[in-house]
Amino acid sequence: MTAIIKGTTGDWEMVIGLEVHAQIISQSKLMSCSPASFGAQPNENVSFVDSAFPGMLPVVNKECVRQAVRTGLALGAKINKKSVFARKNYFYADLPQGYQISQADQPTVGEGVVTIDLQDGTTKEIGIERLHIEQDAGKSIHDQHPEKSFIDLNRSGVGLMEIVSNPDIRSAEEAGAYFTKIQTIVQYIDSCDGIMARGSMRADVNVSVRRVGDKNLGTRTECKNINSVRFIKQAIMVEATRQVEILENGGVIDQETRLFDAEKGETRTMRSKEDAHDYRYFPDPDLLPVVIDDEFINECKDSLPELPDTKKERFINEFGLSSYDGAVLVANKKNASYFEKVASGVKNKKLAANWVVSELFGALKKAELDINDCPVKAQDLAELISLIEDNTISGKIAKEVFADMFKTSKKPAVIVEEKGLKQITDTGAIEGIIDTVITENPNQVAKVKENPKLIGWFVGQVMQKTAGKANPAMVNKLLAQKLK
Amino acid sequence: MTDLTKLTISQATTGLKNKDFSAVELTTSYINQMEKTDNLNAYITKTTDNALSQAKIADNNIASGNMRPMEGMPIAHKDLLCTKGVKTTAGSKMLDNFTPDYESTVSQKLAESGCISLGKLNLDQFAMGSNGQSSFYGGTKNPWGNDLVAGGSSSGSACAVSARSAIASTGTDTGGSIRQPSAFCGVAGIRPTYGRCSRWGVVAYASSLDQVGPIGKDVRDCAIMLSNMSGHDEKDSTSANIPVPDFEAVLTGDVKGLKIGIPKEYYIDDMPQEIAKIWDNGKKMLVEAGAEIVDVSLPHTKYALPAYYIIACAEASSNLSRYDGVRYGHRVSGKELDEMYELTRSEGFGEEVKRRILMGTYVLSAGFYDAYYIKAQKVRRLVANDFKKAFESVDALLTPITPSPAFKIGENQEDPVKMYLNDVFSVTLNMAGLPGMSVPVGLSDSGLPLGLQIIGKAFDEETVLKASYALEKQAKFDATPNI
């Protein structure tokens, strides 16, 4: 869905491309044996290779290549059987080698496509240009000493996947959905933990604008290193609006690298085109080309779990879920797996989806809890839904029971038993209560004969007298008979 | 007792085995010779105390019958090989204060074979140079004349073997850095096939061309050294996973039926008479030994030298980026990071290193990459193909190794291009990754040693050594410098 920016001279559209950096899940770094784990003491996970001591040589970690190939397959992308690591040369204090080992014209993964789900229930395909493998840089810390900068090389050399999209994105919403989809996919296949707060995933955002209907691309700018979906969307809106203003005032856009300042809500120049690095890419002579065969690719393929798109299709086709529920449920691997556990224990899968999507997710959101910390076990939720299905309790009572389960983690049957919430399905008992209500309210009885819609009032009375436990369907049926 | 430093590795090993002398005696002789020849400036760092304690261990091993293949052999390493706990400078101010906490694979292998290290040998800064004069620690002198260069970049490695201050040495050869100084100093040196020896722990100059190899008193000593330093190393992705033969076993002197190619393109313009003559003599010697001489053509030879300098400098410019003063080595503080880089690198690197970094940066720059780097890579492939084709009809090639004997210190100094021309016979095989050996075969008109080069197929060091040995036997080169 193209978002339009209304300018003073007409309508503008945004053209957006994302470069998503995703840290690879692997035991050790891309080119050395140091642990790639997060949270170690500064400079603890650093070998002579990572700190670029004289005579040290890189050796490609096969696991990182495997993860990149798996991710490529999950993105429906072309896998290149031969890829080449290249050096990207620049000086910085947290880049010990003076170059980053990356991939230039021969990446491991080529073109692919991802389908994104949009708010209005529609989907859109975003093209992937490539996925390449590279080393992460270390970290410079500037705020711990008045004159000095500190360097932490723990992250230096950790494997990254850079996933480059085509400029197919047309709105901040699409950009957010695209990023989230990549996040979902890498989390499904365990190639990246996707935790943005740790910097495991971040994005460079390329934005340009053009008048609606214009086929040519405008000059783009790049906002580097954005580390949340909210900021990605904000940066796009801020930057696109800035560009429209400049163009409408007769200005030109400089192709440059910009920094998004979330606090000030602005983007500003980081590096102009003139200051742009000349990275002097060339094939790394310390490494041989990476050559993989069909067997390796097939092994990668076989190791993939059911992917979110496939799962969504299955939920729709097998369980009869709506596209919306399907999309919501598969967006997170753990949510999907929770739902599947619930669904396996009940007959009505759609009812299960409703419960998970509205009741459970609502309660979790309100309590600010992750599905991992959910106090209600999937099996217990399934039991609760079964109690509705076999008429032990009504849907309304079930909500009460659920609230209790969420608080106490007790089993639904226990709560129903303890509180005596079992539904009254005995015709005689319900008839007795109905008779009492009829006897006590002759005026209402007279009115309902004129206006049958008033029957609802009687239902309410009966439910009140049974503390909501009477089977609503039976109450309705019996009342209709008696008040005929 | 005879001067123990005159013995070759094979002779000294026999002597130790027969208890004619001890490893401590052998090592002491070399330490004395190191002192005596100190003026040649072959060593940057001497580890004599450690060498003596190693020699005692060697004697114990010999006494207990646990003699390793090179037990008690006092060698020395080019100061480009990282040695644990021993300063490793690459001949530069940049690494003047650098002591690695790790040992290069090659020096480790030699130590495990029983070798004793006498110290670290002088070299052109970061192995860049052909005259051994660009070291931060001063130039190396040639044992054959104190006013002469020892060649480069493995200047100390060739000088020490020639001056008998090490029984053998390690060197590295990116464009001729083992073979040229060996020729200038009248000793034998082989550059193995690219991938034969691990580059791990060796300060990198040009990764796709660098290769470690031995320098020895004769071909046999080189064969023994090579057998003990070669082999696959998981830590070097470019090291070849193929078995290492017993190189000494092929030294029979019999080259009957061996086809030796003479590439016509090596008859360069203005080739000095004495070089042409010694080459001609070499052919006759090999024919005498039973080999067959075949004329071959390597048509792209003349493009190899310029293309070599483009590739080597490109890789060097990137390889030397790590010397930034941040984590180790020389540092000059600056107000900002960029200033620190500038000051550190300006002061830490010598002229030749800076020149090559500049050239390398230039040829990799946007707009020049295709015209220089890519073109040079194409030349490289053509050069490699030339060799491949030639080796369809011959087993090895015989060529000169240097265009002249050792020249005077200070000569060619002002003209880098003229200096680079020294490598004209040596760089071609580096471009193709092939093995090549320099063998001393005679003296120049001025009484200086001259060498010839045998070039072989990839991973066929055996034929190179076999032909070189035959050449050596025929040449009967027994001249020694007057020390």
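In chain A, 32 Å separate the centres of domain 2 and domain 3, taken over C-alpha atoms. This is a predicted model, where local features need pLDDT of at least 70 and side-chain atom pairs count only at pLDDT 80 or more, while totals for chains, interfaces and linings use all residues. Residues are numbered from 1 along each chain as its sequence is written, and chains are lettered from A in the order in which they are written.

| Domain of chain A | Residues |
|---|---|
| Domain 1 | 4–300 |
| Domain 2 | 306–419 |
| Domain 3 | 427–482 |

Domain 2 of chain A puts 4 residues in contact with 4 residues of domain 3 of chain A; contact is when C-beta atoms, placed from the backbone, lie within 7 Å.

Now for the two chains. Their contact takes 35 residues from chain B and 24 residues from chain A. Helix 9 of chain B gives the most to chain B's side, with 3 residues. Helices here are DSSP runs (H or I, at least four residues), numbered from the N terminus.

Helix 9 of chain B also packs with helix 11 of chain B, at an angle of about 100° and with their axes 7 Å apart. The axes are lines fitted to C-alpha atoms over the stretch in contact, and angles run from 0 to 180 degrees between N-to-C directions. So helix 9 of chain B is roughly perpendicular to helix 11 of chain B, a label for angles of 65 to 115 degrees. Among the residues making this contact are I310(B) and C313(B) of helix 9 of chain B, and R356(B) and I357(B) of helix 11 of chain B.

Definitions and conventions. Contact = placed C-beta atoms within 7 Å. Helix = DSSP H or I, 4+ residues; strand = E, 2+ residues; numbered from the N terminus. Parallel < 35°, antiparallel > 145°, perpendicular 65-115°, else oblique. Domains from an automatic or database assignment.
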